[in-house]
Amino acid sequence: MTPRNVVVTGLGALTTAGQGVEALWSAAAGGVSGVKKVVLDYDCANNLRIAAQVQDFALERFFPNMKTAFFDRVTLMAMLAAEEAVKDAGLADALPLGARTSVIVGTGIGSIGTIEETSRNMAMSQKRPDPLTVPRAMISASASNVGLIYGCTGTTFVVSSACASSAQALGIAFHMVRAGMADRAIVIGAEASITPGGMKAWEMMRVLSPQLCRPFSRGRNGLLLGEGSGALVIEAEELAKARGARIRGRILGYGTTSDAKDMLKPDVAGAAEAMALALADAGLSSDAVGYVNAHGTATILNDSTESEALGRIFGDRLAAVPVSSTKPIHGHTLGAAGAIEAIVTIRALEEGFVPPTINFLEADPACPIDCVANVGRDHAFDVALTNSFAFGGINASLAIGRAA
Amino acid sequence: MTDTASAFGDDQLTRDLIEVIAKEGMVDLNGVGPETTLESLNIASVDFMMILAAIEEKFQVYVPMDENLSQVKDVGGLIAVFKEHIQKSQQA
C-alpha cells in the first residue's frame with residue numbers, strides 16, 4: 001500500500017485552564033498561567049504545594065449514564081477529552097467506530113490516585129480494598145474504557161515512556177494509519193498525578209520550582225507539574241475527505257530516540273536526532289519549520305540541552321525560528337504533555353499565532369533561541385515541530401502541518 | 001579515609017561530607033582528590049539524587065538543583081557547594 005496522508009479531524013482537552021480546547025488555547029495564546037495552590041486529600045509532608053491542577057473534582061457528572069465508580073481520575077480525564085475530540089471530528093453519531101479504529105493512550109503513570117488510595121487503605125486503615133482495584137488501576141484502563149464507549153475494536157494499547165508517552169502514542173498511531181494498519185485512531189494523553197504522593201515524589205527529585213516556571217530564562221529554577229488530558233482523532237486523508245470531515249491539521253513526521261546514557265540527565269545528541277528523524281520522516285528540511293513548541297521544562301539542564309539540540313537542527317537560522325514553551329501555562333503534564341502540546345501547536349497553525357513563553361526575565365546565553373518572550377505573536381507558518389523529552393532518556397518529536 | 005580527608009582538609013564537616021558521598025554514591029574515595037571528576041567516579045544523576053537526599057537528612061539543609069550545583073564537575077566542587085549551603089543554614 002502506498003503510504004497515506006494522515007490528517008487530524010478532531011481535538012479535545014481538559015487542563016487547568018478548564019474544559020475544552022478553546023479554554024486551553026485562549027490561556028496559551030494570552031499567556032495566562034493556570035498554576036495554583038493545590039488541593040490535596042491528605043498530607044504527605046508536602047513542602048511544595050503549587051501546580052497546574054485540574055480543580056474540577058467531580059468529573060463523574062459528565063457521564064451520568066455510566067457506572068463511573070470504578071474509574072480512576074485519569075480515565076475520566078481521558079474520556080472527557082475523547083468525547084470532545086470525537087464530537088469535533090463529526091463522529092459522535094457514527095458509532096460503533098469498529099475494527100478500523102484504534103485507541104492509543106499515552107500516560108506516564110496512569111492511575112496513581114487509585115494506587116495511593118488503595119495502599120493507604122490497606123496499610124493504614126485496615127479497610128477492605130476496593131474489589132475493583134485491578135480494572136481501576138491497570139495502566140490500560142483509560143484506553144479500554146474509551147474503546148468501550150465508541151465501539152473501537154481495532155488495535156488498542158497504552159504507551160508509557162514518562163514525559164514522552166503521548167508524543168510516542170501520537171507518533172506510532174500516525175505510522176499505523178499511514179501504513180494502513182488502521183484507518184483512524186483516537187490518540188489520547190492523560191495524566192492525573194497531582195496527588196499527595198505524586199507531588200512529594202517530584203519534590204524529592206528537586207526539579208520543581210518553588211515559585212515560577214520560567215523556560216529558557218535566566219533565573220529559571222525548575223518545572224511546575226500539571227495534569228489533564230488531550231485527545232486527537234487522526235485518520236487517513238482520503239477517508240476523512242470521503243466523509244466530508246473538517247481537516248484541522250496534518251501529522252507529517254515522527255522521530256524518536258533513546259539516549260541510553262543517563263536516567264535523569266538529558267543528552268543533546270538524542271534530542272537533536274529525534275528532531276532530525278521527524279523531519280526526515282516528513283521528507284522536509286529544517287528550513288520548512290516555522291515554529292517549535294519546545295519541551296522547555298524550565299529546569300536548568302533541559303533548556304540549555306534543548307537549545308543546543310535546536311542549534312544542531314537549525315544552524316544559522318536558530319535565532320530566526322520562534323520557539324516557545326507553553327508549560328508555565330498548562331504545567332508539565334508529564335505523559336499528557338505530547339498530546340496537549342500537539343493540540344496547542346495545531347491551534348497555533350490554524351490561527352497563525354505563536355503562543356508566548358511567559359515568566360521570562362532575561363536571556364540566558366546558554367539558550368540562544370527566539371523564545372517568544374512573554375507576549376505571543378502573529379506569525380503565519382506551515383510546519384511546526386513539537387518536542388517531548390523524558391526522564392529515562394526517551395525523546396520524541398513530531399512534525400505537524402497546517403490543514404491546507 | 002584519612003588520606004582522602006587530608007586531600008580535602010581535615011575538619012569534621014569535610015570528613016562527614018566525604019563519608020556521605022562515598023556511601024550514597026557507592027564509590028571508594030580512597031586516593032581521590034578535589035580535582036577527581038564525578039564522571040570518572042561514575043557518579044550518575046541517580047547517585048546525585050541519593051547524595052542530595054542524604055545531605056538534606058543529615059544536615060537539615062535543602063540543596064536545590066540550581067545553576068551552581070549543575071555546573072559542578074569534580075569532588076572538590078561538590079564539597080564546596082555543600083559546605084556553602086550548610087554554613088549558610090547554620091548561620092541563619
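Two strands are taken to pair if DSSP finds at least two bridges between them. In this predicted model, that criterion leads directly to strand 8 of chain A, where Ala231(A) is the bridge partner of Ile188(A). The pairing to which strand 7 (residues 184-191) contributes comprises 8 bridges to strand 8 of chain A, and the two run antiparallel. Strand 1 (residues 6-15) of chain A is likewise joined to strand 8 by 8 bridges in an antiparallel arrangement. In that pairing, Ala236(A) of strand 8 has Val6(A) standing opposite. Strand 8 of chain A, residues 228-236, is largely enclosed by the rest of the structure, because 9 of its 9 residues are buried.

Strand 10 pairs with strand 14 (residues 383-389) of chain A through 4 bridges in the parallel sense. It is also joined to strand 11 (residues 323-324) of chain A by 2 bridges, again running parallel. Val292(A) takes part on both sides: Leu385(A) in strand 14 stands opposite it, and Val323(A) in strand 11 is its bridge partner.

Attention may now turn to charged side chains. Over all chains, the search of the whole structure finds 31 salt bridges. One of them joins Arg220(A) and Asp364(A), whose closest N and O atoms are 2.8 Å apart. This pair links distant parts of the chain, the residues being 144 residues apart. Arg220(A) lies in the loop between helix 7 (196-204) and strand 8 of chain A, while Asp364(A) lies in the loop between strand 12 (353-354) and strand 13 (377-378) of chain A. Both Arg220(A) and Asp364(A) are buried.

The salt bridge between Arg312(A) and Glu308(A) has an N to O distance of 3.9 Å. These two residues are separated by about one helical turn, because they are 4 residues apart in helix 10 (residues 300-314) of chain A. Arg312(A) counts as exposed, with 51% relative accessibility, and Glu308(A) as partly exposed, with 45%. Elsewhere in chain A, a network of salt bridges links Glu22(A), Asp88(A), Arg246(A), Arg248(A), Arg347(A), Glu350(A) and Glu351(A). In chain B, the side chains of Glu24(B) and Lys23(B) form a salt bridge at 3.8 Å, N to O. Lys23(B) has 60% relative accessibility and therefore counts as exposed.

The remaining topic is the interface of the two chains. Here 8 residues of chain A are in contact with 13 residues of chain B. About 1000 Å² is buried between chain B and chain A, with 58% of it on carbon and sulfur atoms. Of the area that chain B buries against chain A, 42% is supplied by Ser45(B), Met49(B) and Met65(B), more than any other three residues.

The rule finds 1 salt bridge across this interface. Glu56(B) and Arg206(A) meet in a salt bridge through their side chains, at 2.6 Å from N to O. On the side of chain B that touches chain A, two or more residues come from each of helix 3 (45-59) and helix 4 (67-70) of chain B. Helix 3 gives the most, with 6 residues. By residue class, this side of chain B divides into 8 nonpolar, 2 polar and 3 charged residues.

Definitions and conventions. Residues are numbered from 1 along each chain as its sequence is written. Chains are lettered from A and ligands numbered from 1 in the order in which they are written. This is a predicted model: local features need pLDDT of at least 70, side-chain atom pairs count only at pLDDT 80 or more; totals for chains, interfaces and linings use all residues. Side-chain values use heavy atoms; hydrogens and water are left out. Contact means heavy atoms within 4.5 Å. Buried area is the accessible area (1.4 Å probe) that two parts lose on being put together, summed over both. A salt bridge is a side-chain nitrogen of Lys or Arg within 4 Å of a carboxyl oxygen of Asp or Glu. Ala, Val, Leu, Ile, Met, Phe, Trp, Tyr, Cys and Pro count as nonpolar, Asp, Glu, Lys and Arg as charged, and the others, Gly among them, as polar. Buried means under 20% relative accessible area, exposed over 50%, partly exposed in between (1.4 Å probe, protein chains only).
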